[in-house]
Amino acid sequence: MTDNCTDAKFCVSNKNNTTMNITHIEHLGIAVKSLETAIPYYENVLGLKCYNIEEVADQKVKTAFFKVGQTKIELLEPTSPDSTIAKFIENRGEGIHHLAFAVPDTAEALNELAEKEVRLIDKAPRGGAEGLMIGFAHPKSTCSVLTEFCCKPEE
Ligand code: ZN
C-alpha cells in the first residue's frame, strides 16, 4: 500500500463483481481561471462548439461545455475565492480536475463504492450541471484521480 494510490485491498478482492455498469466517459472537468480566455482555444483552435454555459451556484463555478463524440469537456471557472476550483488552481494550477463516468444509476454506483470501502465525497447523489445526478469519490481511494459518477435523472 502506498500513500499515493488505491488501497492494496482492491487488487486482491472484489474481482469481477462490479455492477455499476460504467457506459462511457461522460465528461472531463478542466479547471480554468477564465472561461473567456479558455473558450477561444477550444473553439478556434480545436474547432469545438461551446453549446452551454451554466453557473452551478452550490459548487461556486461557472461551466462551459463542448461535445467530443458522446463525451464532453467541462471547463470550470471559479466564481468565488473559496470555491474548490479556486483552491485547486491555487495549489496545482489550471488543468484536468476530474474524470466523470456515466452510470445508469449514481446512487447505486455510490452504494457499490461504499461497500468496496472506497472513500466518498458524496454519500448520496446531488444535482450537478446539465441536470445530472452526480457523486464524487475521494482521490485517496481512486489512484489520485478525482472521480465523478453521474447519470441523467430519468435513466
Ligand atoms: Zn463534473
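Modeller: The discussion below moves from the overall layout to the sheet, the cores and the backbone. This is a predicted model, in which local features need pLDDT of at least 70 and side-chain atom pairs count only at pLDDT 80 or more, while totals for chains, interfaces and linings use all residues. Residues are numbered from 1 along each chain as its sequence is written.

Colleague: How many helices and strands are there in the chain?

Modeller: Helices (H or I, at least four residues) and strands (E, at least two) are DSSP runs, numbered from the N terminus. The chain has four helices and eight strands. From the N terminus on, their order is α-β-α-β-β-β-α-β-α-β-β-β.

Colleague: What order do the strands take in the sheet?

Modeller: Two strands are said to pair if DSSP finds at least two bridges between them. Here an open sheet of eight strands has the order β2-β3-β4-β1-β5-β8-β7-β6, and its pairing is mixed. The edge strands, each pairing on one side only, are β2 (50-56) and β6 (126-127). Within the sheet, β5 and β8 are parallel over four bridges, whereas β7 and β8 run antiparallel and are joined by five bridges. T147 in β8 stands opposite L99 and also opposite A137.

Colleague: Which strands does helix α3 lie across?

Modeller: Helix α3 (residues 84-92) lies across β1 (24-31), β3 (61-68), β4 (71-78) and β5, and runs at about 85° to β4. For such angles, axes are lines fitted to C-alpha atoms, for helices over the stretch in contact, and angles run from 0 to 180 degrees between N-to-C directions. Contact means that the C-beta atoms of two residues, placed from the backbone, lie within 7 Å.

Colleague: Are the faces of β8 covered or exposed?

Modeller: In a regular strand the side chains alternate between the two faces of the sheet. A residue is buried if 20 or more other C-beta atoms lie within 10 Å of its own, exposed if 12 or fewer, and partly exposed in between. In β8, both faces are covered: T147, F149 and C151 are buried on one side, and E148 and C150 on the other. Across the chain of 155 residues, buried residues make up 27%.

Colleague: Which residues have the most contacts inside the largest nonpolar core?

Modeller: In soluble globular proteins, nonpolar side chains tend to be buried together. A nonpolar core is a set of buried Ala, Val, Leu, Ile, Met, Phe, Trp, Tyr and Cys residues joined through C-beta atoms within 7 Å. The largest has 14 residues, and V103, F149 and C150 have the most contacts inside it. Two or more residues come from each of β5 (95-102), α4 (106-115), β7 (133-137) and β8 (147-151). Apart from this core lies another of ten residues, including V32, A64, F66 and L76.

Colleague: Where does C143 lie, and what is its phi?

Modeller: Most residues other than glycine have a negative phi. C143, in the loop between β7 and β8, has a positive phi near 55°. S144 is in the loop between β7 and β8, and its phi is positive at about 70° although it is not a glycine. C143 is exposed because 11 other C-beta atoms lie within 10 Å. S144 counts as exposed because it has 12 C-beta neighbours inside 10 Å.
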